[in-house]
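Please have the viewer open while reading.

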Amino acid sequence: MIQFDGFEINPIHSGDAWKLCDFMVVNEDRLKRYFPKTLEQNLNPTLSQFFVEKKVKAFETKSEFLFTLKKSETRELAGLIYIKEIDLDNKQGEFAYCIGYPFEGQGLTSKSIEALSQYAFETIGLNRLQIIVHKDNIPSVKVAKKNAFKWQNTLKNEYTPPGEQPLDMELYELYKNER
């Protein structure tokens, strides 16, 4: 679908279950705070197969879009990018993304968000994209800013990580006509 720097972005498909399970287990420590639901649904290959089937259906019905970021040569799963919270009436959606330990700091997430923003505007027909991030997640804040998402406001008690108190989150937005 989308290729850059020896990596490719594709919609999730049925053959991704094993790779997804491996990715989740290897990156469990970094995913448990902000991706607890995805993590718990991918702790073994059987769960991952159910998860992937559900996400393929969501993609087909345009209720949520999950993409994989893979190294083209080895097919190694490097990251996941969601376009979620789709509201077709208001033509908006929200990005969520994670990158595996070996691939952090290479700009891959920023390049993926750039490519998938274009996809969201042109193919899905959205006009507004959001990134909701905790202010201390500096790499994620950088992804938003690097892709021209503008800070809108602080969302009080927006997200509660497992076993923690609610966190205030920062809302960044990008509009189609601002690209």
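This is a predicted model: local features need pLDDT of at least 70, side-chain atom pairs count only at pLDDT 80 or more; totals for chains, interfaces and linings use all residues.

Q: What holds the strands of a sheet together, and in what order do the strands lie here?

A: Strands of a sheet pair through backbone hydrogen bonds, in either a parallel or an antiparallel sense. In this model eight strands form an open sheet with mixed pairing, in the order 1-2-3-4-5-6-8-7. Strand 1 (2-4) and strand 7 (150-159) are the edge strands, and each pairs on one side only. On average, neighbouring strands of this sheet are turned by 25 degrees against each other, direction ignored.

Q: Which helix packs on the sheet by touching strand 2, strand 3 and strand 4?

A: That is helix 4 (residues 45-60), whose direction makes about 115 degrees with that of strand 3. Two of the strands it touches, strand 2 (residues 7-11) and strand 3 (residues 65-71), pair in the antiparallel sense over five bridges. Within that pairing, Glu8 has Lys70 of strand 3 as its bridge partner.

Q: Is strand 8 largely enclosed or largely open, and why?

A: Seven of the nine residues of strand 8 (residues 167-175) are buried, so the rest of the structure largely encloses it. Strand 6 (residues 128-133) runs antiparallel to strand 8 and is joined to it by six bridges; in this pairing, Ile132 is partnered with Leu171 of strand 8. Strand 7 is also antiparallel to strand 8, again with six bridges, and there Thr154 has Glu170 of strand 8 as its partner.

Q: Which residues have the most contacts inside the largest nonpolar core?

A: In soluble globular proteins, nonpolar side chains tend to be buried together. The largest nonpolar core here has 34 residues, and those with the most contacts inside it are Leu69, Ile83, Phe95, Ile131 and Phe149. Helix 5 (residues 108-124) gives the most to this core, with eight residues. Leaving aside neighbours within four places in sequence, the contacts of Leu69 include Phe4, Phe7, Ile9, Leu77, Ile99 and Leu108. Apart from this core lies another, of 16 residues, among them Ile12, Leu20, Tyr82 and Ala96.

Q: How many disulfides does the model have, and why does Cys21 form no bond?

A: A disulfide is counted when two cysteine sulfur atoms lie within 2.5 Å. By this rule the count is zero. The closest cysteine sulfur to that of Cys21 is in Cys98, 14 Å away, which is too far for a bond. Cys21 is buried, with a relative accessible area of 5%. Cys98 also counts as buried, at 9% relative accessibility.

Terms used: Residues are numbered from 1 along each chain as its sequence is written. Side-chain values use heavy atoms; hydrogens and water are left out. Two strands pair if DSSP finds at least two bridges between them. Helices (H or I, at least four residues) and strands (E, at least two) are DSSP runs, numbered from the N terminus. Axes are lines fitted to C-alpha atoms, for helices over the stretch in contact, and angles run from 0 to 180 degrees between N-to-C directions. Contact means heavy atoms within 4.5 Å. A nonpolar core is a set of buried Ala, Val, Leu, Ile, Met, Phe, Trp, Tyr and Cys residues joined through side-chain atoms within 4.5 Å. Buried means under 20% relative accessible area, exposed over 50%, partly exposed in between (1.4 Å probe, protein chains only).
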